[in-house]
Amino acid sequence: MAEQQPAAIYLKDYQVPNFLIDKTELTFDLDETQTIVTSRLHIRRNPDSDQQTSALVLDGGEDVTLIAVAIDGYTLPKEEYRFQDDKLVITATPESFVLTCETLIEPQNNTRLEGLYRSSSMFCTQCEAEGFRHITYYLDRPDVMSVFTTTIIADANRYPVMLSNGNEVERGTTEEGKTFVTWHDPFKKPAYLFALVAGNLEVLNDTFTTMSGREVKLQIFTEQHNIDKVDFAMDSLKRSMKWDEEVYGREYDLDIFMIVAVDDFNMGAMENKGLNIFNSSCLLASPETTTDDAYLRVEAVVAHEYFHNWSGNRVTCRDWFQLSLKEGFTVFRDQSFSADMHSDVVKRVEDVSFLKTTQFAEDAGPMAHPIRPASFIEISNFYTLTIYEKGAEVVRMIHTLLGEEGFRKGSDLYFERHDGQAVTCDDFVQAMEDANGVDLSQFKRWYSQAGTPRLTVTDQYDQATQTYQLTIKQETPATPNQPTKLALHIPVKVGLVGSDNQALAFTYEGEQSDEVVLQVNDHEQTFVFENVAELPVPSLLRGFSAPVKLQYDYSTEQLLQLMSGDPDGFNRWSAAQELAVNELTALIVQAQKKQALSTDTHLIEGFKALLADKTLDPAMVALILALPSQAYLAEVSEQIDPHAIKAARKHLREVIAKALVSEFKGLYQDNTVAQAYQPSAEQIAKRSLKNAALGYWLASGSDEAKAAAVRQYRQADNMTDQFAALNCAVHFDLPEADELLAAFFEQWQHEALVVNKWLMLSAAREQEQGLDTVKALMQHPNFDIKNPNKLRAVIGGLGQNVSAFHNLDGSGYAFLADQIILLDKRNPQIASRLCTPLTRWQRMVPALSELMKGQLERIAQQDLSKDVYEVVSKSLA
Ligand code: TRP
Ligand code: ZN
């Protein structure tokens, strides 16, 4: 461990800034070896601060070298400033002044990918959350909002495109013959929304006419060889702009909106004002190189970043504890957008499945935190599934409680009231309350309480009085630093299903209905339904109306009934999942006891009925057919045994496959798309069902299926089908697997994003010496340690590779720990994220648990970044 352990900062210690920066003027003299940044900051004391001090403390980074600093033109001598950690302290300042600061940075040596850095041949920035301080000294906090003017100077031969936020206002030639371009952004913004890009880029131009009739110029920039892959992103952008006008009444504000794709990027994308920067994996799409899933991701991320222009930029966060204010809300908005573009139910199932697999695991682990954390050591560690996905669920619950119209009234008030401000989650809820005249004070506990609540539901039916009662108990397990939990306000959407598979009408609180949202707000409550004609099967938590774990003792027959008859499509999927989890749980126990695996056939019956129903959306059928993932089964396991989980899944899959082999073959043949590739809901649905069917058909052991898979690989004209076939060939270890993998690489070696798919699949392949393959991949000429996508591909692939990663000799965990230690020196954000699998050590079966813990302890002995230190120390606490 480092000598001096990094300290946590606390929400309760928040204070307004002592100084404000009204205007920020920046000049970047870009160069391959050294870049000079000159800032002119128009600073004054903050009248709202009770700390009236003349000492100015500016944030900086160890990679920023100060050349000179001046106040109102007077260059400060050494005695008038000092450095304290990475901060620049100026001992005395006037009430208001212009601070000029000249700094030297080396973007070419910036491997952290925050601040100004190089990706391929371009310069680009990433400033959220605290990257701006790696560019120059500044008040790098989101409640300091400033009007930015940025001048970029560079050699126009190498960097013909020079971009920053806002509008281009000037362009010319310097005395040294370089080109300069000046950008001005009229909207006040925090430094985390600053962006700069310079490079030799191609552009796709388009326009959008806003609802008030203004024409906005739209531009997407990429390196030359990728410009043919941005049409879909442009189309997604225009649809997002229209949707935000129609659904939220939000119009775009600048005259130009730009997006740039970069290859080296820590996250998905960034909503910088007027100049979004994207990981190329979230922007580029073409039928030949991009799967359906990746198309949907491009659409969702383009929308997400665009929506931030209001939920994040026009109204921003006061401090980073409020991160979910912008992220939870914006994820909710992009989820709703995607649902409107495609299918509601399909989108909901995908989102919930993701949440229950990943966020629930986080909430049950050592890093558990509320959507508004009370403290953190390193904010980069809090761009989490909890902040994003659970945050979106909390906003969705408000939407459920207030209804579509009430929610819109609330969001209108929020945007109006706080336009141009940096605000808190409380302000958001307050606007929702004020616009609707409701009291959400108990509901607000969702913001401060971590952990996934568990609802236990029991029921009682009285034939004589035709009353049906549901008793609901809620309980939230303890999480780090939160031993006791309060009762939450939880909306639980419920319907009743009758024996004829029809919705059963009832009277609830005097009103007749067939669906109701129960207001659960106490530790235990009973809800009474009257005029219920027969003993119903309860359909609980429809549409996943709250992010909770629900426990009701369904019989297998009841689950089968809901699976085929619940009018709520989401709960049909939910019932199928529960049935599968029950069967798999039994199989996992058998596998652990080294017994012969045997299972009953209920799921087969259910699937048979499902496949007979030709009215269903093929995408829903595919989702229902998908067995709970390895990761989800781990999440619901008391103690995680990855080897037993793998064996159980394989067994159940084979049993189902053999029982329904002709059905799967039929599905495979019936769901071929004859038309040219389109990323449309209809085609995506068919491909997903076809490829799901192929997996089962192969699992039956059929030779015909093997031939079909190889044929599909060779004939595919789109990446979805090509990769699905390759994936099958590899996972079912077909004799052609090696040949096809090699051919795939050969064909796509010049398409970086496709190579990443190859890296991932190769690393995930279960083989005798799987770990050696992974090690070799990291030496492959197409691998690049600088590129987070490639790292995620290989390490992510390894994570799915049960025999290599969870090897009982501990070699998989040791290898991961080696990579974390190595990478922490280069890119702490990425290193910290790679720790996630090890943080689950306490939930693993003892043999694996000890091995994981040992590796965490080994990491803890190193001199670590704040990022990795926080995750590792909390995991071992
Ligand atoms: N605000 C970005 C989003 O849209 C998140 C993000 C992008 C980010 N890059 C980052 C966060 C780098 C931390 C570090 O969700
Ligand atoms: Zn976001």
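This is a predicted model: local features need pLDDT of at least 70, side-chain atom pairs count only at pLDDT 80 or more; totals for chains, interfaces and linings use all residues.
## The shell around ligand 1

There are 15 residues around ligand 1, and of these E128, A269, E271, E305 and Y388 come nearest. At least two residues of the shell are supplied by each of β20 (269-270), α2 (292-307) and α3 (323-341).

Several polar side chains approach the ligand: a polar side-chain atom of Y388 lies 2.5 Å from an oxygen atom of ligand 1, while a nitrogen atom of ligand 1 is 3.1 Å from an N or O atom in the side chain of E327 and a nitrogen atom is 3.4 Å from such an atom in the side chain of K326. Taken alone, ligand 1 exposes 370 Å², of which the protein buries 97%.

## Aromatic pairs

The count of aromatic pairs comes to 46. One of them joins F132 and F194, whose ring centres are 5.4 Å apart and whose planes stand at 80°, so the pair is edge-to-face. Because F132 lies in the loop between β11 (122-126) and β12 (146-154), and F194 in the loop between β15 (179-189) and β16 (196-199), the pair ties together parts that are 62 residues apart in sequence. Both residues, F132 and F194, are buried.

Y192 and W320 also form an edge-to-face pair, with 4.8 Å from centre to centre and 70° between the planes. Y192 lies in the loop between β15 and β16 and W320 in the loop between β22 (316-317) and α3, so this pair ties together parts 128 residues apart in sequence. Y192 and W320 are buried.

## Charges over rings

R318 lies over the face of Y14, at 3.6 Å from the ring centre, and K757 lies over the face of F723, at 4.2 Å from the ring centre.

Definitions and conventions. Residues are numbered from 1 along each chain as its sequence is written. Chains are lettered from A and ligands numbered from 1 in the order in which they are written. Side-chain values use heavy atoms; hydrogens and water are left out. A residue is near a molecule or strand if one of its heavy atoms lies within 4 Å of it. A polar contact is a pair of N or O atoms within 3.5 Å; within protein, one must be able to donate a hydrogen and the other to accept it, and residues adjacent in sequence count only if both atoms are side-chain atoms. Accessible areas come from the Shrake-Rupley method with a 1.4 Å probe; for residues, only the protein chains shown count as cover. Helices (H or I, at least four residues) and strands (E, at least two) are DSSP runs, numbered from the N terminus. Rings of Phe, Tyr and Trp (its six-membered ring) pair if their centres lie within 6.5 Å; planes under 30 degrees apart count as stacked, over 60 as edge-to-face and the rest as tilted. Buried means under 20% relative accessible area, exposed over 50%, partly exposed in between (1.4 Å probe, protein chains only). A charge sits over a ring if NZ of Lys or CZ of Arg is within 6 Å of the ring centre and within 35 degrees of the ring normal.
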